[in-house]
Amino acid sequence: MTVITQERPTKEIKISWKRILLFIAIILVLVFCLAPVLWQLLTSFKVNEDISAVPTIYFPTRFTLAHYIELFDRRPFLRYIFNSAFVSITSTLLALAIGAPAAYTLARLNIRGKRPILASVLIVTLFPGILLFLGLLEIIQKLGLANNYLALIIPYTAINLPLTILVLRSFFEQLPKDLEDAAKVDGYNTWQMLIQILLPMTVPALVTTGILTFIAAWNEFIFALTFMTQENMKTIPVAAAQLGGASAFEIPYGPIAAATVLGTLPLVLLVLFFQRKIVQGLTAGAVKG
């Protein structure tokens, strides 16, 4: 008696070349974006001998905190951090405080000249801010605002305001109008409805927009370099660019890398802390789009 055994068909593993290419592309993009950050981070902890070594030492075996200590010993770096934080936070809050009512007005209320106003806001958004430099310089000199926080807060708020209005307007448009109708029936006026009902529902949009404006103000260089000439009024980008060595022929790569890391760390922590709100805001904006 013979027993016939049936062979089970082997499953064929299909290789998706599209997924492989996509994975490789993602890896290349990550390396391209993160390699400079990793290089600066490692350089900030390298000893001077490893920084100037030939051939280049990419991954050091000796680490030091001397470059960070030097920043705070030779320069008032805590003051630079305070200046950048104060100017960036204040301009961001002002942009949101002015931009949110303006965005709601353009999104919900029927006003004359609505389309020309939107077109003007869009054009201003595309307008290079550097072209305003000479005009702002004349205004700062006439008003005597040099070495004053207002010299940076006002331009930063004005430059970031159009983008704030456009982003928040798209979020206000996607909110159901039934909420506003119900609020009007309950006796809410426009300001009460905006502050007590609509703004709490657009917190992800406010966080996303606020972080964009904060980063733009934190990283700005030209205005801060020109309008702030006193040492105790400088911001981090200007202070990092003006770091000097012991002589005119020495480039302090270590302190510059340390200043870059300290200037970038608050932005990274800010994004990580509000990561969930940012994802919610971007997802809502994508759904709207």
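I looked up how α5 and α7 cross in this predicted model, and the crossing is left-handed (the near helix is turned anticlockwise from the far one by less than a right angle). The axes of α5 (residues 114-126) and α7 (residues 150-174) come within 8 Å and cross at roughly 125°, the axes being lines fitted to C-alpha atoms over the stretch in contact, with angles from 0 to 180 degrees between N-to-C directions. I therefore noted the pair as oblique, a class left over once angles under 35 degrees, over 145 and from 65 to 115 are assigned as roughly parallel, roughly antiparallel and roughly perpendicular.

I then listed the contacts (heavy atoms within 4.5 Å): Leu118, Val121, Leu122, Val124 and Thr125 of α5 meet Pro162, Leu163, Ile165, Leu166 and Arg169 of α7.

Next I turned to Asp50, which sits in helix α2 (residues 48-51), helices being DSSP runs of H or I with at least four residues. Asp50 is buried at a relative accessible area of 6% (buried is under 20%, exposed over 50%, partly exposed in between, with a 1.4 Å probe and protein chains only). Beyond neighbours within four places in sequence, I found Asp50 in contact with Ile57, Pro60 and Arg62.

Last I checked Trp39 in helix α1 (residues 17-45), which is partly exposed at 34% relative accessibility. Trp39 and Tyr58 lie 19 residues apart in sequence and 7.8 Å apart in space, C-alpha to C-alpha.

For the record, residues are numbered from 1 along each chain as its sequence is written, and side-chain values use heavy atoms, without hydrogens and water. Local features need pLDDT of at least 70 and side-chain atom pairs count only at pLDDT 80 or more, while totals for chains, interfaces and linings use all residues.

Note on methods:
Helix = DSSP H or I, 4+ residues; strand = E, 2+ residues; numbered from the N terminus.
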